[in-house]
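Visitor: Could you take me through the spot where the ligand sits? I'd like a close look at that one part and what surrounds it.

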Amino acid sequence: MSLNTVDLNKQMTRFDQHSEVWLFGYGSLIFRPDFPFLARRPARIHGWTRRFWQGSHDHRGTDTHPGRVATLIRQPGAECTGMAFLITPEVFAHLDFREKNGYLRFCTEMRFDDGSCAEGLVYIATEDNAAFLGPAPEPDIARHIASAAGPSGPNSEYLLRLAEALREMGAQDEHVFEIERHLIKATYI
Ligand code: SIN
C-alpha cells in the first residue's frame, strides 16, 4: 500500500518566498540528482540515522513486491552524512513527485565541512507512513534488496551506488556497508 504525499508537501510553504533553499539528500538524491542545483556540498545532520526501512513501490519495487530504500530515523547523538544541494523553490514540484511514496519535507539544520551551518529541508519517510517496512536484520535486508526491482531499476543498484557515493565522501555508515557486504555475498555465491 502506498500513500501519495504530494498534496501534504505542497502545504510546506516555509521556504516558498526564498530565492534559494538548501536541500539535504541522504539516499538516492546523493547519487541521482536529476534536478537543477546551484551548488552541492557534503553536509551532516544531527539526531538522525540512515536506515533501509522504507518500502519503495514506485522506484525500486512494485505494489506487490516493494523494494527497500533509505529513510532517516531519530536517534539522539547520531549523525548522518549526506549531500546538500542549493536549489530554487520551484524544484520542489519535481522533488515532491519523485519522493511521493511516503516522504514528507522537514526543516533541518545542516552543518558543512567548514563548520558553517544552514537551515533547509530534508525528505523523511516517517514510521507512520503507509509504505514503512521497519527494522530487519541486515542480512535479511540484503536478501530483500537482491530480490526487488522497479521502474527506476534494480533495488541492488540503489544500495550499491549509495554505498559507493558514501565511501567517496569518506562517510562512515555501518548499516549501509553491512548490507552491501551481505548483498555482494548473496549475489555472487
Ligand atoms: C534522499 O535521498 O534524501 C531521500 C530518499 C531517497 O530519495 O532515496
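Guide: Let's call a residue near a molecule if one of its heavy atoms lies within 4 Å of it. By that rule, the residues around the ligand are Phe24, Gly25, Tyr26, Gly27, Ser28, Leu29, Ala70, Glu99, Tyr103 and Tyr158. Bear in mind that this is a predicted model, where local features need pLDDT of at least 70, side-chain atom pairs count only at pLDDT 80 or more, and totals for chains, interfaces and linings use all residues. Residues are numbered from 1 along each chain as its sequence is written, and side-chain values use heavy atoms, with hydrogens and water left out.

Now the polar contacts (pairs of N or O atoms within 3.5 Å). A ligand oxygen is 2.4 Å from an N or O atom in the side chain of Tyr158. On the backbone side, a ligand oxygen lies 2.9 Å from a polar atom of Tyr26, and one lies 2.8 Å from a polar atom of Ser28. Alone, the ligand would expose 250 Å², and the protein buries 97% of that (Shrake-Rupley areas, 1.4 Å probe).

As for the space itself, the ligand sits in the largest cavity, meaning more than half of its atoms lie within 2 Å of the cavity's grid points. A cavity here is a set of points, on a 1 Å grid over the protein atoms alone, where a 1.4 Å probe fits but cannot get out; lining residues have an atom within 4 Å of a point. About 240 Å³ of space lies in this cavity, taking volume as the space filled by probe spheres set on the points. Its lining counts 20 residues, and Ser28, His59, Glu99, Tyr103 and Tyr158 are the closest to the centre.

Note on methods
Polar contact = N/O pair within 3.5 Å; in protein donor to acceptor, adjacent residues only side chain to side chain. 1 Å grid on protein atoms, 1.4 Å probe; cavity = no way out; pocket = protein on both sides within 12 Å on 5 of 7 lines; lining within 4 Å.
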